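The sequence and the coordinates are shown first.

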Amino acid sequence: MTIECKNISSCQKSALGSPILNNISCQIKKGEFVALLGVNGAGKSSLLKSLMGLIFLEKGEVRINDFLLTPNNIKKIRRQMAMIFQGGGLIRQLSALDNVLCGTLGFRSSWQTLWGFNQSDRLLALELLTELGLKEHAQQKVSKLSGGQRQRVAIARALIQSPQILLADEPTSGLDVIASHHVMESLARLNREKQITVIVVLHDLEMAATYAKRAIILEKGQVIYDGSSQNLSAQFNQSVPIILPSLNGIKPIIQQAA
Ligand SMILES: Nc1ncnc2c1ncn2[C@@H]1O[C@H](COP(=O)(O)OP(=O)(O)OP(=O)(O)O)[C@@H](O)[C@H]1O
Ligand SMILES: [Mg+2]
């Protein structure tokens, strides 16, 4: 099993006093592409962070590639994973290329980067940006890129770490439909061609059905669904507006306009 969570509960509590992650168990195999869904505050980002050891757990255990995540081996385990944080987490003042190179800082020693990034890393970063259709933008400051281009820089920064597992937290948020599909297609290609295990947080059921075979839905820190990503709207007939809260406000306006 590539990822295994057994009864994990976070130390942090919600306003109602229950743990933000409340007794979650799930197993994800190598090469799976999983969509993680749920309303705002359901615990999606917290679950991804817990897989990287970025939040404290009160109970339960996380295993990555059969190794128990502990403070002693966290550094070694993190080398097998990369995370695209919600919002991208890029440095706006740096070029796309330098942002990608920042992804190497976790596995290069300080003296190796004291005089700047080495040539082979620079070439690899450029290759990744090229693969993601951003060759012409490599030297451009991230602040001057569009949202979709930024997300692809964030993907390249994750990929330079050669992860076996890629955790992407809302990589399509704020993007138009075409840019969202570009980003999702980039993730799907990595999954297909390099067998990278991908967990991607989404708010869109159709997008989940298109790219992921499996969906996990969280509610109040608990898994309420774990299964096929197909026909979720039918299965969650009543809950769809809960899964997609943003539609609540938009629908009536569209209906009025029509
Ligand atoms: N560091 C923290 N300390 C205390 N509570 C937190 C912390 N981080 C998140 N929370 C709370 O935990 C709950 C889950 O947050 P999380 O960010 O995991 O939700 P999410 O499902 O990713 O939501 P969104 O769709 O808005 O990104 C929320 O109620 C949030 O307020
Ligand atoms: Mg989140």
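Glu 170 lies in the loop between β7 and α7, where helices (H or I, at least four residues) and strands (E, at least two) are DSSP runs numbered from the N terminus. The model is a predicted one, in which local features need pLDDT of at least 70 and side-chain atom pairs count only at pLDDT 80 or more, while totals for chains, interfaces and linings use all residues. Residues are numbered from 1 along each chain as its sequence is written, and chains are lettered from A and ligands numbered from 1 in the order in which they are written.

The phi of Glu 170 is positive, near 50°, although the residue is not glycine. Most residues other than glycine have a negative phi. Glu 170 counts as buried because it has 20 C-beta neighbours inside 10 Å; a residue is buried with 20 or more other C-beta atoms within 10 Å of its own, exposed with 12 or fewer, and partly exposed in between, the C-beta atoms being placed from the backbone.

Strand β8 (residues 197-201) is largely enclosed by the rest of the structure, because 5 of its 5 residues are buried.

Strand β3 (residues 33-37) pairs with β8 in the parallel sense over 4 bridges, pairing being taken to require at least two DSSP bridges between two strands, and Val 34 stands opposite Ile 199. Strand β7 (residues 165-169) also runs parallel to β8, joined to it by 5 bridges, and here Asp 169 is opposite Val 201. Between β7 and β8 the chain passes through helix α7 (residues 177-194) in a right-handed β-α-β crossover, meaning that, with the strands pointing away from the viewer, the path from the first strand over the helix to the second runs clockwise.

## Asp 169

Asp 169, which belongs to strand β7, is buried, with 23 other C-beta atoms within 10 Å. Although Asp 169 and Val 201 are 32 residues apart along the chain, their C-alpha atoms are separated by 4.9 Å. Leaving out residues up to four places away in sequence, Asp 169 touches Ser 45, Leu 48, Met 83, Ile 84, Phe 85, Gln 86 and Val 201, a contact being a pair of C-beta atoms, placed from the backbone, within 7 Å.

Helix α6 (residues 147-159) is largely enclosed by the rest of the structure, because 11 of its 13 residues are buried. Among these buried residues are Arg 150, Arg 152 and Arg 157, and the elements that cover the buried part of α6 include β6 (81-84), α3 (96-102), α5 (119-131), β7 and α7.

Ser 162 counts as partly exposed, because 14 C-beta neighbours lie inside 10 Å.

## The antiparallel strands

Strand β1 (residues 3-10) and strand β4 (residues 57-64) run antiparallel and are joined by 6 bridges, with Lys 6 having Glu 61 of β4 as its bridge partner. Strand β4 is also antiparallel to strand β5 (residues 67-68), through 2 bridges, and Ile 64 stands opposite Phe 67. The hairpin of β4 and β5 has 2 residues between the strands, and Asn 65 in this hairpin takes a positive phi near 45°.

Conventions. Contact = placed C-beta atoms within 7 Å.
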